[in-house]
Amino acid sequence: MTFRLRLLVVMLLVVVVSQLVTGGALLRAISQDALEKGDRDLGVGLRVLDQVLDERGRLLQNNVEILANDFGFKSAVATRDTGTLQSVLANHGDRAGADMVLLSDLDGTLLASSHHPQGAAMPFPTLWEQARAAGAAVEVVIDEGKPYEFVLLPVRAPNLIGWVGMGFMIDQALASEIHSLTRLDISFITHRDSGEPGHRVSSRENLDAAASHRLTAELASGRFLQTSAFTKDDRYLTRAKLLQSDAGNQTYAVVQASRESLLGAYRDLQWQLGGVLAVILLFTAALAAWSARSMGRPLSVLADAARNIGRGQNLKSVDVTPHGEIGLLADTLLSMQEDIRQREQTLLHQSRHDRLTGLPNRSSAQEDTEALIRQQTRFSLLRMEILDFRRINDTFGYALGDRVLITLAQRLRDLPPPVRNAYRLGTDEFLLVVEVSACDDHWVESLLTGLSQPIDLNGSPIHPDLLVGEANHPDHGNDVNLLLRRADIALHTASARHQRHQRYLEGQDEEHLRQLTLIRDLQHAVTCDQLHMVYQPKIDASNGEVVEFEALMRWQHPSLGFIPPDEFITLAERSGNIRPLSRWMFQSVCSQLAAWQRQGQRLSVAINLSAADLVDTDLADLLLDHLRHHGLQADQLGLEITESAVMEDATLASHSLNRLRQAGLTISVDDFGTGYSSLAQLKRLPVGELKIDKSFILQLDSEDDDATIVRSTIEMGHSLGLRIVAEGVENAASAALLKEYGCDFLQGYWIARPLPADSVIEWLGGNNPFPLSSMGHAK
């Protein structure tokens, strides 16, 4: 569809929709107003009926009062002269225009009546009760299915001697009178509960049987049980009012207004609005066609220009009139074209460069390296990382940390050949492309020395230490991603070996893939039952009594076999998977303690906590919940922590450990002597034991330096009130020396290798207490 046609269609649709909405709303409002006016007229008609009935009731009541006060009539009532009474009632009723007259004695027995036999009971007991209670009564009554407005008054001479009443029928004459006053159709319908046809009169002479039947059915359905109700059908608006109801009949007054007469003006207006709408549409069509012709061409030209700009074409001008809004829009398009070009250049630069340092980013590094590979150029990639950059941010803040990055980036940018380009790969990682087949170690050392020159941060000189991983092309690969990965592997190797520079070596890929496999499979080790616990006993050095077992985790990989704990625990800590392993260990150890307890052995077990466990705010609650769940005492579970784990967040670790120590758990520092803390630092923690690292124990009987360190550590620990545990005891001579130095507990292969859980009870049976008689003599 062309633009002109779309413009024409849109303009016509706008006009048609607006006119239809406006006309529809107007017609609906007029229709609703006409129907509401009709409803109000019906209400007026019912009120007029009430007034007419009230007026006729007053007139009838005056006539009855005249009769009741007539002396001759009173005498006839007193003497029970029924002939005279019958004549007087008939004459007076005729003069009053009454359709029914009656006279009863005090007991309600009829003395004379125009419609009932003499001696019969009062036909209107409810009316009679109202008159007796109020002294008089005016009400609509039903006699033989016909409604009457009836007045009943007492006859006194001077005492009450009877009741006299007159009534007129609610009939066609009354309906015609109401119709003449209100111009509304009114009907009086008596409905019988038995379902037989009742009395019906209407001011509408042509009230057909169907309409009468429909009104009667609606009355019978209970729709007009209220005093006044409103309903609608296809031809009339109707209101009905209940005039009287007795045990078997209900009489209604029903007023109606013709919908045809009410909505006549509405239908005339429909045709008028239709004509106006047709004229407007014709005028709009002509105007739209002219507008589409005059506006379509320049807009089409502008649309084509916009599409060409979107495709990247560089337009010099737009072929439209230079004046007015069209000209302004053309100038705007040309200006937008230039803005887009400049923004694309900016975005392209930002997409290929780091915003902070201005160095090319990883994407640029990959593209440039791919180009060198296609040119078959020999080059080296030096992947560089700032050592402990997080500590710089934590100490000096991120703003000063950014200054370090900017300064290093500038130094890298200014490096002379053979450095070709420098890139920033990540937070603290950079990449150098060096145009040599392999970097000389002395050149790399000189490079690092220059880059590590102090950087002044508000008077505090910072010496950034850099680690370098090197990969060479083509020796280490012909793919950019492979070279980057191998440079990264070399960088991690340098970090693990505490070297400043490491070149990629064949086989490191396999080691890296093994680590990735183990990290991936660690997530399934718990759920797939690949983990199990073993238990190594710890004995009292003075008497050989077993005081505790250390729980050690083992992993039997389904394809790689046994995985050393030092390997997979380290990977779990690095990858963030240590917490699921720890929680599995808590459950497994506590469950095993409970199982041994059911076998009659109350044992204690120490478990090792990682740095992630110590900063877990749920640690204390979790361990105490496990103890309660398995019915264990707090002294049956010990905790072993490393110096480095505590020092990562000493405040948070102290909070959890203090709570657990107060609950009764024992806490020991494992591998003491290999970290960077001191006894003075550990004194602030709730520690009860120190475990001297096995590296000092293995050659204790042959290395004098180790003996000196161990003896000094035991003495210092005891001076602080700490118990000392030696792990790695592998011969009797070392055990004897430790006992001589005052070591409290011993643990190692000389006592027992780690035992499966189902072998612990059997081992205890033959080794508790452990025979210390096999100890050698201290030298």
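Colleague: In the protein chain, what share of the contacts with a separation of 6 or more comes from residues 24 or more positions apart?
Modeller: A contact means heavy atoms within 4.5 Å. This is a predicted model, where local features need pLDDT of at least 70 and side-chain atom pairs count only at pLDDT 80 or more, while totals for chains, interfaces and linings use all residues. Residues are numbered from 1 along each chain as its sequence is written, and side-chain values use heavy atoms, with hydrogens and water left out. For residues 24 or more positions apart, the share of the protein chain's contacts with a separation of 6 or more is 62%.

Colleague: What percentage of the 779 residues of the protein chain counts as buried?
Modeller: Buried stands for under 20% relative accessible area, exposed for over 50%, and partly exposed for what lies in between (1.4 Å probe, protein chains only). The chain's secondary structure comes to 25 helices and 27 strands, which are DSSP runs numbered from the N terminus (helices are H or I with at least four residues, strands E with at least two). Of the 779 residues, the buried part is 45%.

Colleague: How many aromatic pairs are there?
Modeller: Rings of Phe, Tyr and Trp (its six-membered ring) pair if their centres lie within 6.5 Å; planes under 30 degrees apart are stacked, over 60 edge-to-face, and the rest tilted. By this rule the number of aromatic pairs is 6.

Colleague: What kind of pair do the rings of F124 and F150 form?
Modeller: Their centres are 5.2 Å apart and their planes stand at 55 degrees. F124 sits in the loop between β2 (110–113) and α4 (125–134) and F150 in strand β4 (residues 146–156), so the pair ties together parts that are 26 residues apart in sequence. F124 is buried at a relative accessible area of 5%, and F150 is buried at 0%. From its distance and angle, the pair of F124 and F150 is tilted.

Colleague: And what kind is the pair of Y535 and W596?
Modeller: Here the ring centres are 5.0 Å apart and the planes lie at 70 degrees, so the pair of Y535 and W596 is edge-to-face. Y535 belongs to strand β18 (residues 531–540) and W596 to helix α17 (residues 578–598), so parts 61 residues apart in sequence are tied together. To come back to the kind of pair, Y535 and W596 are edge-to-face.

Colleague: Which ring has the charged end of R753 over it?
Modeller: A charge sits over a ring if NZ of Lys or CZ of Arg is within 6 Å of the ring centre and within 35 degrees of the ring normal. R132 lies over the face of W128, at 4.4 Å from the ring centre. For R753, the distance to the ring centre is 4.1 Å, and the ring is that of Y749.

Colleague: How many of the 10 residues of helix α24 are buried?
Modeller: Helix α24 (residues 732–741) is largely enclosed by the rest of the structure. Its buried residues are A732, S734, A735, A736, L737, L738 and Y741, and they pack against α23 (704–719), β25 (723–727) and β26 (745–747). Out of 10 residues in α24, the number buried is 7.

Colleague: What is omega for the cis peptide bond between H473 and P474?
Modeller: Most residues other than glycine have a negative phi, and most peptide bonds are trans. P417 and P418 are also joined by a cis bond, with omega about 15 degrees, and P418 is in the loop between α12 and β12 (419–424). P474 is in the loop between β16 (466–473) and α14 (480–496). For H473 and P474, omega is about 10 degrees.

Colleague: Is E144 buried or exposed?
Modeller: E144 lies in the loop between β3 (137–143) and β4, and its phi is positive, near 50 degrees, though the residue is not a glycine. At 65% relative accessibility, E144 counts as exposed.
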